[in-house]
Amino acid sequence: TREVHLARRPDGMPVKDDFRMVTTSLEAPGPGQILVRNILMSVDPYMRVRMAKLPSYPHWELDQVMDGSAIGVVERSEHPELPVGAVVSHRLGWREHAVLDARRAGPVRHVTGIPLAAHLGVLGMAGFTAYIGLTRIGAFAPGESLYVSGAAGAVGNVVGQIARILGAGRVVGSAGTPAKVAYLVDELGFDGAFDYHVESLSDCVAANVPDGIDVYFDNVGGVHLQAALDSMNPHGRVVVCGAIGEYNALREQPGPSNLIYVLTKRLRMEGFTIREHMSAYPAFVAQATTWLLDGQLRSTDTVVWGLGSAVDAFRDLLVGRNIGKMLVRLSED
Ligand code: NDP
């Protein structure tokens, strides 16, 4: 079986030589363990941060297999609750097979009409992050206007869709290509969207949200945050979800020079990490499953095939070649 190791810490944009494909022999599961053949694995922006060695953020060791969310099927079991054939989600991605304690895996409930990939995207951490960020951190209320950056990505597209479902006054998103902008408006029902490759981001945000922003969901940081602050309404909320504009940067990126608006507009700006909200996850899955089944919410993903393409998929994610959740398929269901 094969797994992907971190060979060295990337300097800026990761390159192929930062990783190594390693073939190992399969272990047999011990008592209480299961052997899983992985079907799908997730690649996520936070993985770029794990590849570096930063204070107060867990890093990956060199010459070790990386990890991340995955879904697979149990092929051998030493635990009665997860028998052979069970489909499970777990944290040992970046490998074709995983041996793990059964208590570190959760069963994936099959629901007719919902593809397996949705469990790593709209029903997984991406969708949950969107939901918690919008409702709990952003305290989004019906009738309010929402602006989300990184809007065509895994988290961003769900933020906009849930805001619509909750009765938003206006939903606007920004993304990096005209095709993504069209997708947001034509397929996902955003009221407005624009390509952020413009001369003045601030003017573009203002033109798209003429009545101002009540909740800004920030996936990008830097100049995107600055542009949004210019258009925030009094008592607006800024949800600091991510700063993808900074993850690959070789030097520090300029920050907003207009933070005075947090004071003058009495804004609330709050960051969060989804791992601190896991107790709300089952309720979210139940709610989002209902929305998916009645057609209010759509699952969007970009899937590439094979562990040998996982590094490319990760690199593609960082430069925006995905619409929705970026996934790697490792085997058939
Ligand atoms: P995405 O699916 O959104 O993929 C990343 C996207 O970022 C790309 O598709 C690309 O789209 C965009 N991007 C890349 N570089 C830049 C740049 N320099 N400026 C603007 N956009 C850029 O990933 P996720 O949905 O998984 O994650 C979105 C954000 O949410 C990330 O910042 C991530 O770290 C964060 N996050 C935070 C969590 C938390 O607990 N707080 C949990 C999960 C995610 P484009 O073509 O539009 O440029």
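**The parallel sheet and its helices**

Modeller: The protein chain splits into domain 1 (2-118 + 300-329) and domain 2 (125-275), with bounds that come from an automatic or database domain assignment. This is a predicted model, in which local features need pLDDT of at least 70 and side-chain atom pairs count only at pLDDT 80 or more, while totals for chains, interfaces and linings use all residues. Residues are numbered from 1 along each chain as its sequence is written.

The part to examine is an open sheet of six strands in the order β10-β9-β8-β11-β12-β13, with parallel pairing. Because β10 (192-195) and β13 (268-271) are at the edges and have a single partner strand each, one side of each is left without a neighbour in the sheet. On average, neighbouring strands of this sheet are turned by 15 degrees against each other, direction ignored. Strands here are DSSP runs of E with at least two residues, helices are runs of H or I with at least four, and both are numbered from the N terminus. Two strands pair if DSSP finds at least two bridges between them. Strand β12 (residues 232-240) is joined to β13 by four bridges, and the two run parallel. Val-239 stands opposite Glu-270 in β13.

Next come the helices. Helix α4 (residues 178-187) lies across β9 (170-175) and β10, at about 175 degrees to β10. Helix α6 (residues 222-231) lies across β8 (145-148), β11 (213-218) and β12, at about 170 degrees to β11. Axes are lines fitted to C-alpha atoms, for helices over the stretch in contact, and angles between N-to-C directions run from 0 to 180 degrees. Residues are in contact if their C-beta atoms, placed from the backbone, lie within 7 Å.

Helix α5 (residues 201-208) packs with α6 at an angle of about 45 degrees, their axes being 8 Å apart. That angle makes α5 oblique to α6, given that under 35 degrees counts as roughly parallel, over 145 as roughly antiparallel, 65 to 115 as roughly perpendicular and the rest as oblique. Leu-201, Ser-202, Val-205 and Ala-206 in α5 meet residues of α6, including Val-223, His-224 and Asp-230. The residues of this contact of α5 with α6 divide into six nonpolar, three polar and one charged. Ala, Val, Leu, Ile, Met, Phe, Trp, Tyr, Cys and Pro count as nonpolar, Asp, Glu, Lys and Arg as charged, and the others, Gly among them, as polar.

Technical notes. Contact = placed C-beta atoms within 7 Å.
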